[in-house]
Amino acid sequence: MNAQLPDQAEADEERLDLIDPLRHLRMVNGQENVGTDNLASSELSSLPDIDQEYSENNRTLKLNFLGKQQNTISVTIAVDASPGCGGIVWPAGQILSSYLVSRGQNFLHGKTVLELGSGTGLVGFVAAKLGASHVWITDQKPLLDVMQRNVSINDLNSSCTVSELDWGTAIPASIPQPDVVCAADCVYFEPAFPLLVKTLSDLVDDKTEVLFCYKKRRKADKRFFALLKKKFTWKEVEDDPNRKIYNREAITLIRLSKLS
């Protein structure tokens with residue numbers, strides 16, 4: 001009887017995932033945060049090079065990323081839980097943004113960047129402010145309004161384009177071949193795993209740099225990587241000065257390479 005308990009627990013977890021696929025994104029310190037007011041400021045990363053100011057009145061989050069030579073990249077995000085957890089700033093996005101800033105202005109200068117599952121658009125905005133030639137921030141239709149609002153808040157209308165991109169569907173003709181693809185906290189809904197892998201494969205060639213940051217939340221996440229290894233290899237990013245800090249929070253940043 002006891003031998004079946006782990007299997008039953010996993011089956012229960014999968015059943016709950018189908019009912020509420022975003023619930024794992026709301027887990028904070030092992031407990032579910034269901035309060036919308038707290039959700040917007042919950043699970044914020046505590047990296048030493050990120051300064052955060054959350055305004056309850058305006059429901060905005062200002063993030064200041066300290067880069068090389070004490071240069072600071074500032075982004076203001078309107079957070080909105082109403083379209084789902086994609087309207088919230090989560091740690092993996094902050095970590096990936098911080099890594100981009102740590103690489104300096106030359107890393108993305110003149111490159112086209114696409115962010116998958118952008119949500120608020122944070123990573124894409126940081127890329128734009130670091131000198132990318134143009135950035136596409138993409139997600140599902142319910143999030144496009146908050147993304148466009150954030151583009152305007154950060155005065156990035158000339159360098160950022162908001163685009164609907166449903167994983168598993170054809171890449172819109174308006175989206176060019178990117179030089180860099182960024183994805184943060186995209187592993188949370190198991191039925192979408194093969195769709196995400198397909199979209200990554202469709203977007204990427206052997207010259208594309210892919211930075212993928214995720215937080216390990218459940219055993220089922222392994223199934224995503226079982227699908228991913230059919231199309232990509234990957235290595236953990238080792239030149240991030242904050243790596244040891246976020247690894248302790250079960251967050252990992254990897255660089256993907258497409259199989260030939």
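Asp202 is partly exposed, with 38% relative accessible area, where partly exposed covers the range between buried (under 20% relative accessible area) and exposed (over 50%), as found with a 1.4 Å probe on protein chains only. The partner of Asp202 is Lys198, and their side chains form a salt bridge with N and O 2.7 Å apart; the term stands for a side-chain nitrogen of Lys or Arg within 4 Å of a carboxyl oxygen of Asp or Glu. Lys198 is likewise partly exposed, at 40% relative accessibility. Both residues belong to helix 6, 4 residues apart, or about one turn of the helix.

The model is a predicted one, in which local features need pLDDT of at least 70 and side-chain atom pairs count only at pLDDT 80 or more, whereas totals for chains, interfaces and linings use all residues. Residues are numbered from 1 along each chain as its sequence is written, and side-chain values use heavy atoms, with hydrogens and water left out.

Turning to the chain as a whole, its secondary structure comprises 8 helices and 12 strands, taken as DSSP runs (H or I of at least four residues for helices, E of at least two for strands) and numbered from the N terminus. Of the 260 residues, 51% are buried. The chain exposes about 12400 Å², of which carbon and sulfur atoms supply 49%; these areas follow the Shrake-Rupley method with a 1.4 Å probe. Among contacts (heavy atoms within 4.5 Å) with a separation of 6 or more, 65% join residues 24 or more positions apart.

An open sheet of 7 strands runs in the order 8-7-6-9-10-12-11, with mixed pairing; two strands count as paired if DSSP finds at least two bridges between them. Strands 8 (160-164) and 11 stand at the edges with a single partner strand each, so one side of each has no neighbour in the sheet. From one strand to the next, the twist averages 25 degrees. Strand 7 (residues 134-139) pairs with strand 8 in the parallel sense over 5 bridges, and Thr138 has Ser163 of strand 8 as its bridge partner.

Helix 4 lies across strands 6, 7, 8 and 9, at about 180 degrees to strand 7. Helix 6 packs on the sheet and touches strands 6, 9, 10 (209-215), 11 and 12 (251-258), its direction making about 175 degrees with that of strand 6. Axes here are lines fitted to C-alpha atoms, for helices over the stretch in contact, with angles from 0 to 180 degrees between N-to-C directions.

Helix 4 (residues 122-129) is largely enclosed by the rest of the structure, because 7 of its 8 residues are buried. Among these are Leu122, Phe125 and Val126. In the loop between strand 6 (112-116) and helix 4, Thr120 is buried at 3% relative accessibility, and its side chain reaches the backbone nitrogen of Leu122 at 3.4 Å. Just after helix 4, Gly131 takes a positive phi of about 105 degrees.

The structure holds 6 salt bridges. One of them joins Arg103 and Asp239, with the closest N and O atoms 3.9 Å apart. Arg103 lies in helix 3 (residues 91-103) and Asp239 in the loop between strand 11 (232-236) and helix 8 (243-247), so this pair ties together parts 136 residues apart in sequence. Arg103 is partly exposed at 29%, as is Asp239 at 44%.

Notes: A polar contact is a pair of N or O atoms within 3.5 Å; within protein, one must be able to donate a hydrogen and the other to accept it, and residues adjacent in sequence count only if both atoms are side-chain atoms.
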